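Subject: Structure handover

Hi,

Here is the structure I promised to pass on.

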Amino acid sequence: IREHVKLLVGFGGSKNIDRKRFEESKEPRHFAISLTGEPTLYPKLRELIGRLHERGITSFLVTNGTMPDVLEGLRGCEPTQLYITLHAPDEQTYIKCCRPLIKNGWHRLLRSLETFENLNCRKVLRLTLVKGWNMIDPEGYARLIKKTATNFVEFKAYMWVGYSRYRLPREAMPTHEEV
């Protein structure tokens with residue numbers, strides 16, 4: 001929170017700023033726990049979520065689902081909303097798209113999807129769709145979605161920004177209509 005406030009301090013010098021909103025920004029009410037990498041590897045995740053909730057701050061955890069034991073360990077201290085990214089409708093596509101470094105990544109993901117039923121928070125399956133990679137087999141995605149106790153399904157397009165521009169062509173970014 002201290003670092004968040006440091007990032008915003010420069011806005012305070014602007015004559016065009018809404019002072020009320022600027023002061024509100026110093027007291028965040030929502031906290032996204034999402035990293036380049038996997039936030040469930042953070043050893044104090046449960047404590048972080050607990051501290052946020054003690055302060056009345058909502059928490060949003062975004063995970064690739066490869067650490068089902070960690071998700072199961074959050075019972076009783078769940079985030080406000082849990083997102084699991086579903087990159088593929090099947091194991092072969094998952095391996096192609098994710099190139100997992102962790103053994104049994106697909107099976108771990110399936111186990112994480114099973115944890116939805118036992119967690120007391122809003123649950124979201126997020127499909128990040130990449131043209132030419134994982135925009136296949138909608139029935140396969142539907143079968144996986146139906147097996148979960150998800151509250152929401154979010155479809156989002158891969159965005160050709162940042163470092164990903166070195167890995168994929170611009171054409172991999174689907175249009176709204178394609179999604």
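To begin with burial: of the 179 residues in the protein chain, 37% count as buried, where buried means under 20% relative accessible area, exposed means over 50%, and partly exposed is in between (1.4 Å probe, protein chains only). Before you read on, please note that this is a predicted model, in which local features need pLDDT of at least 70 and side-chain atom pairs count only at pLDDT 80 or more, while totals for chains, interfaces and linings use all residues. Residues are numbered from 1 along each chain as its sequence is written, and side-chain values use heavy atoms, with hydrogens and water left out.

**The whole chain**

The protein chain has 7 helices and 5 strands; helices (H or I, at least four residues) and strands (E, at least two) are DSSP runs, numbered from the N terminus. Reading from the N terminus, the order of elements is α-α-β-α-β-α-β-α-α-β-α-β. Along the principal axes, the C-alpha atoms fill a box of roughly 55 × 40 × 30 Å.

The accessible surface of the chain is about 11,600 Å², and 53% of that belongs to carbon and sulfur atoms. Those areas come from the Shrake-Rupley method with a 1.4 Å probe, and for residues only the protein chains shown count as cover. As for contacts (heavy atoms within 4.5 Å), take those between residues at least 6 apart in sequence: 66% of them join residues at least 24 apart.

The 5 strands form an open sheet with the order 1-2-3-4-5 and parallel pairing. Its edge strands are strand 1 (30-33) and strand 5 (152-157), each of which pairs on one side only. On average, neighbouring strands here are turned by 20 degrees against each other, direction ignored. Two strands count as paired if DSSP finds at least two bridges between them. As a reminder, strands of a sheet pair through backbone hydrogen bonds, either parallel or antiparallel.

Helix 3 (residues 45-54) lies across strand 1 and strand 2 and runs at about 170 degrees to strand 1. For that angle, axes are lines fitted to C-alpha atoms, for helices over the stretch in contact, and angles run from 0 to 180 degrees between N-to-C directions.

F31 sits in strand 1 and is partly exposed, with a relative accessible area of 27%. Not counting residues up to four places away in sequence, F31 touches L48, L52, I57, T58, S59 and F60. The C-alpha atoms of F31 and T128, 97 residues apart along the chain, are separated by 21 Å.

Over in strand 2 you will find V62, which counts as buried at 14% relative accessibility. Leaving out residues up to four places away in sequence, V62 touches I33, S34, P39, Y83, T85 and R126.

Strand 2 also pairs with strand 3 in the parallel sense, over 4 bridges, and L61 stands opposite L82 in strand 3. Why is strand 3 (residues 81-85) largely enclosed by the rest of the structure? Because 5 of its 5 residues are buried. Both faces of strand 3 are covered, with Q81, Y83 and T85 buried on one side and L82 and I84 buried on the other.

**Loops to look at**

N104 has a positive phi of about 60 degrees although it is not a glycine. You will find N104 in the loop between helix 5 (91-98) and helix 6 (105-115), and at 54% relative accessibility N104 counts as exposed.

D137 has a positive phi as well, of about 45 degrees, although it is not a glycine. D137 is in the loop between strand 4 (122-129) and helix 7 (138-147) and counts as partly exposed at 28% relative accessibility.

M135 also lies in the loop between strand 4 and helix 7, and M135 is partly exposed with a relative accessible area of 30%. Leaving aside neighbours within four places in sequence, M135 is in contact with L129, V130, P174, E178 and V179. The C-alpha atoms of M135 and I1, 134 residues apart along the chain, are separated by 38 Å.

Cheers
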